[in-house]
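Please examine the sequence and the three-dimensional model shown below. The paragraphs after it proceed from the overall fold to individual elements.

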Amino acid sequence: MIINLESTGPDGQLLQLFRAVARQCAKRTTFIIMLACLGFAVSAQIRGGESTNASAMEETTGGGKGVAAELTLSDEQRGRFYEAVMRIPNASVVDEPAPAVADALPSAVPLQDLPAGIVREIPLVRGHKFVKFDDRIVVVDPKSRVVVAMMPRYKLLP
């Protein structure tokens, strides 16, 4: 038995209603997909703009490959680093405003060697130095004198 859904009876009206709803859903789905694509494009443009701005800044400031990258330390590593540095009895405290991560230290600020135990425990800091300020301890790349990590000078929870 063949049923003609194109008839003008209740089944035909139901089919027309179904088609109208399907068209509306397709339009909304298309709109949502287009909106998502636009969001991805904007996101990519923003990221691309940041890298372009960074490369332009490197060209004008002479920075670039020689500039140290920020060290990514876990909270536990920061806590262990803090405790190791605080145990150094003769580590001097610099009486200047502390810089932020990615800032360069003035040449007058003395850099101090890291304790050997902390270098063994956290190999990521090998080859770096540190400076104690009133409110923080900073890890510094000695070649560029750029701050690559920072720990506030209060006891960090592990």
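The account below begins with the chain as a whole and then turns to a helix and a pair of strands.

This is a predicted model, in which local features need pLDDT of at least 70 and side-chain atom pairs count only at pLDDT 80 or more, while totals for chains, interfaces and linings use all residues. Residues are numbered from 1 along each chain as its sequence is written, and side-chain values use heavy atoms, with hydrogens and water left out.

The protein chain has 3 helices and 5 strands, where helices (H or I, at least four residues) and strands (E, at least two) are DSSP runs numbered from the N terminus. Their order along the sequence is α-α-β-β-α-β-β-β. Of the 158 residues in the protein chain, 27% are buried; buried means under 20% relative accessible area (1.4 Å probe, protein chains only).

Helix α2 comprises the 12 residues 75-86. Buried residues of α2 include Phe-81, Tyr-82 and Val-85. Among the elements covering the buried residues of α2 are α3 (116-121), β3 (129-133), β4 and β5.

Strands β4 (residues 136-141) and β5 run antiparallel and are joined by 6 bridges; two strands pair if DSSP finds at least two bridges between them. Val-139 stands opposite Ala-149 in β5. The two strands form a hairpin with 4 residues between them, and Arg-145 in the turn has a positive phi of about 60°. In β5 (residues 146-152), 5 of the 7 residues are buried.

Definitions and conventions:
Buried means under 20% relative accessible area, exposed over 50%, partly exposed in between (1.4 Å probe, protein chains only). The expected span of a helix is 1.5 Å times one less than its number of residues. Contact means heavy atoms within 4.5 Å.
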